[in-house]
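Here is a short briefing to read alongside the sequence and the 3D view. Keep both open as you go.

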Protein chains: 2
Amino acid sequence: MNAIPPRRTGGRAARRAERSAPITGAMRSIRPGMEGGRYSSLTDADVLRIHHTALDALEQIGLADGPPSGVEYLTGAGAVLGDDGRIRFPRALIEDTIARANRSITLMGRDPQHDMQLSGTRVHYGTAGAAVHMVDVDGRNYRECTVQDLHDAARIADVLDNIHFVQRPMVCRDIPDNMEMDLNTIYACCAGTTKHVGVSFTERAFAREGLKMLHMIAGSEEAWRERPFVSNSNCFVVPPMKFATESCEVMEEVILGGMPVLLLSAGMAGATAPSTIAGAIVQATAECLAGLVYVNAVKPGHPAIFGTWPFGLDLRTGAMTGGSGEQALLSAGCAQMHRFYDLPGGAAAGITDAKLPDMQAGWEAMCSNVMAGLSGLNMVYEAAGMHASLLGFCLESLILGDDLIGHAQRCVRGIEVDDETLALEQIRDVCIGGPGHYLGTAQTLARMQSDYQYPKLGNRMSPKLWDEAGKPDLNRDTTARKEAILSERSAARFASDVDQAIRQAFKIHLPT
Amino acid sequence: MNAIPPRRTGGRAARRAERSAPITGAMRSIRPGMEGGRYSSLTDADVLRIHHTALDALEQIGLADGPPSGVEYLTGAGAVLGDDGRIRFPRALIEDTIARANRSITLMGRDPQHDMQLSGTRVHYGTAGAAVHMVDVDGRNYRECTVQDLHDAARIADVLDNIHFVQRPMVCRDIPDNMEMDLNTIYACCAGTTKHVGVSFTERAFAREGLKMLHMIAGSEEAWRERPFVSNSNCFVVPPMKFATESCEVMEEVILGGMPVLLLSAGMAGATAPSTIAGAIVQATAECLAGLVYVNAVKPGHPAIFGTWPFGLDLRTGAMTGGSGEQALLSAGCAQMHRFYDLPGGAAAGITDAKLPDMQAGWEAMCSNVMAGLSGLNMVYEAAGMHASLLGFCLESLILGDDLIGHAQRCVRGIEVDDETLALEQIRDVCIGGPGHYLGTAQTLARMQSDYQYPKLGNRMSPKLWDEAGKPDLNRDTTARKEAILSERSAARFASDVDQAIRQAFKIHLPT
């Protein structure tokens, strides 16, 4: 009962003011890494069948196109290279790898307060993707995105409580050189946020250069290796069941450079993966298990995120769709496979097919985000800002995503049941000789902040108050918030000597 | 393998046309009454604690303010009237009542194709509420709602596949006389839809008149009693733990008149119910259990829906909020109590606090709707159209709700796991000597309609196509759909002789 303060004696206005005060960290009703897992889209028997089918696929079908270095690592670990060039994986090799893999990873932020503990069913939400367009909400327009947009997205994500990491959500279309783009992606993200950053190198040589920049940002290679605050997203397979040569080479490089990896299998159900949800999960699981063998062959126990990211397709048109119910089930089912393996995992959610932040955008983003959280997905990627089936990124939606994800997180937190919350004594006190309502009970007042999650931009006014307030418009209010955030210089910018050194060593496109 | 058609030989355009053809009933990927229940917001131990606390509350605290007739029914059944005027319920009475209650109810439509089977975890979505405002989307305005608005809402709901029932979502503010309003509510709803209708009578005498009208619509009292297509929503309690005299009297009347009842307990967590989610569920459960004893004392086995509808409150302002994560948990937790009792149950979801159909409206409506469905809630009330924390109803949101609920239903349907969906042979065929993709496989083509749910208004165009199409606006498109629906006369209108007879017997405000 320690949490209950003594009854206050102030007037109504004082109480109202106290209630409206900003909520401090410890008092917040939600936090990164809350445990999900109360929703099971698959039965235990289903999970086992998916697992065994994935093992069958790895043993009987295997993966093609391994790079020479990868073939060496994998056959060294016990995989078998067939005459048809496919690498097949004995069941025992997969089972041993799962048993020995790293099952508790800390993904670090440049600021340790943003560290994420990936284990069990702890849930984190963040950005990701490779959008090529920025969504201009006010102008109802799509335009190519730039390195400044990427930096702005990182800066905004940095101040949003419920965006827990910043994997780069878009590519810098204004930097034609791929190596420059990779390096400027690191710079733009890390100069915008001290949260954990994710990038995706195109070639092995770029990764080597990128690591040099990261050593400079960290202060030294040792400091970087001590606290690697950037991970690499490796599209190490080209589904179905083929290794992606260059991405595998990048993966080897970053593993040796001490960078956590995301093993990303992004099949499209109906195109590069089976059209059935179960089949798409089988294939993604098989591919990521192959990747897990690969990572552990390069460096046993290296931090790797099991990145089963199957996507949906609109089979009528053959176009990708990321906002469907099928998509929500794909990611929820994958989360359950991660739980079964007890491996840190991630998948995509929060995507919308809508072109603008409208009602469709809201329902599509929420559906997959809340189901992913309830499934206990460790890393919910692409959780905010992604429009047009991943082609567009929208800063307003990113900001609104903070409210949306906070709401989903409240659901992930769930229902506490104990003597106090069951409230029998409170019901008795209120009903028998009491006030007949709970408005002013000590229990109600004490839990106002700790139990309830309040939106920042979501509007709860009555129609009357809304009218009196000039009928505020959600998107317009959000654009104003965006401009306010971007009007201040990023607190994550590097110290000037570090910045100068980086700019001398690399061609940085972002102005100082 | 019967479901797989032979490979087609037509050209690409022909296939595209075939794929875009409208989806017929049997081929639809979703249907009313699919089984949910894969999400459990409460552990089994939590459920038992809530149950036992509710029994404690009924035994020790009981309910005040029973009407004389109700006291007679309840004490006749074994409840105990205390010196303090409270009626207390021995545990054995509650347990016996649960054991003997009707656990499989058919809620009928005027057209039998709309019958709903309420049992187990079968999920249905529909409207409900008592909004006083209509939302004018284009004018960004709230105005008082009328009987014509109610009729229009019913007409629209009638043609939306994923709105399974029409409990009246608003009150007719243009009919000041309460009895006239109750009777015109029946008329406006039933003349707009042949789906199951829900109303809520204010007084016993009005219910008696309403039943007369229903006999006329049905053709006779016998025909009505054979297939009662209207249920009554009884706010039989005034939380906390008090009977509502007039509503209880109405309830007795409609039970004797053969009308299914919704036992509705609508406490507000933090005001008329404990602020904790668990405590609010305890109180709602206790109240509905008392109601169940009442119903079964009046008529054993009478169809009753266990209507635990606790609502959330914004404790900073004391105003109701229906769009929160806490609200989604309240309804999900209640659904699990219904599952535990194996009683047909309903709760509120789909509400938004947003004033207009914007992104907030989408995320709030989806969160509670999908969680309710995954929880296996039989009747998801207020699932579409409800804005401003229940104060406003919006026809555009009702129409968009059809897409939103279809999406949620696809998630409720879940993931089928069998040899065919696991797709090992398909993966093998595609990868080894096959085309290397799944686009044209017989399995993909066969499942295009039966496995995938497609939105009607939700936009999946690429940015390029969207631009070429003149950047369609979701709300504007939806208004156009609304106008198209309302431009046609309701197919649910009564035969002219029946209509004439009704209009002679009652003052009907809706024009012929």
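The model is predicted. K195(A) is a buried lysine, whereas E144(B) is a partly exposed glutamate.

**Largest pocket**

- The lining of the largest pocket counts 39 residues.
- Nearest its centre lie R140(A), D473(A), N475(A), D473(B) and N475(B).
- Both chains supply helices to this lining: helix 12 (359–374) and helix 18 (474–486) of chain A, and helix 12 (359–374) and helix 18 (474–486) of chain B, each give two or more residues.
- Sorted by class, the lining of the largest pocket has 17 nonpolar, 14 charged and 8 polar residues.

**Second largest pocket**

- In the second largest pocket, 35 residues form the lining.
- G129(A), A130(A), R168(A), S200(A) and C235(A) are the lining residues nearest its centre.
- Helix 6 (178–190), strand 11 (230–234) and helix 9 (245–256) of chain A each give two or more residues to the lining.
- Helix 6 of chain A gives the most, with 4 residues.
- By class, the lining of the second largest pocket has 19 nonpolar, 12 polar and 4 charged residues.

**Hairpin in chain A**

- Strand 7 (residues 133–136) and strand 8 (residues 141–144) of chain A pair in the antiparallel sense, over 4 bridges.
- These two strands of chain A form a hairpin, with 4 residues between them.
- R140(A) sits in the turn and has a positive phi of about 50°. R140(A) is also one of the residues nearest the centre of the largest pocket.
- Across the strand pair, H133(A) stands opposite E144(A).

**Sheet in chain B**

- Chain B has an open sheet of 4 strands in the order 8-7-19-18, with mixed pairing.
- Strand 8 (141–144) and strand 18 (386–387) of chain B are the edge strands, and each pairs on one side only.
- Strand 7 (residues 133–136) and strand 8 of chain B run antiparallel, joined by 4 bridges.
- Within this pair, V135(B) stands opposite Y142(B).

**K195(A)**

- K195(A) lies in the loop between helix 6 and strand 10 (196–199) of chain A.
- K195(A) counts as buried because its relative accessible area is 4%, under the 20% cut-off.
- What does its side chain reach? The side chain of K195(A) reaches the backbone oxygen of A157(A) at 2.9 Å.
- A polar atom of that side chain also lies 2.7 Å from the backbone oxygen of I163(A).
- Beyond its sequence neighbours up to four places away, K195(A) touches several residues, including G109(A), R110(A), H114(A), D158(A) and F165(A).
- K195(A) and V159(A) are 36 residues apart in sequence and 9.8 Å apart in space, C-alpha to C-alpha.

**E144(B)**

- Buried, exposed or partly exposed? E144(B) is partly exposed because its relative accessibility is 42%, which falls between the 20% and 50% cut-offs.
- The side chain of E144(B) makes a polar contact with the side chain of R173(B), at 3.0 Å.
- Leaving aside neighbours within four places in sequence, E144(B) is in contact with V132(B), H133(B), M134(B), D149(B) and R173(B).
- Y454(B) is 310 residues from E144(B) along the chain, and their C-alpha atoms are separated by 34 Å.

Terms used: Residues numbered from 1 in each chain as written. Chains lettered and ligands numbered in written order. Predicted model: local features only at pLDDT ≥ 70, side-chain atom pairs only at ≥ 80, totals over all residues. Heavy atoms only, no water. Pairing = 2+ DSSP bridges. 1 Å grid on protein atoms, 1.4 Å probe; cavity = no way out; pocket = protein on both sides within 12 Å on 5 of 7 lines; lining within 4 Å. Nonpolar A, V, L, I, M, F, W, Y, C, P; charged D, E, K, R; others polar. Buried < 20%, exposed > 50% of the residue type's maximum accessible area, 1.4 Å probe, protein only. Contact = heavy atoms within 4.5 Å. Polar contact = N/O pair within 3.5 Å; in protein donor to acceptor, adjacent residues only side chain to side chain.
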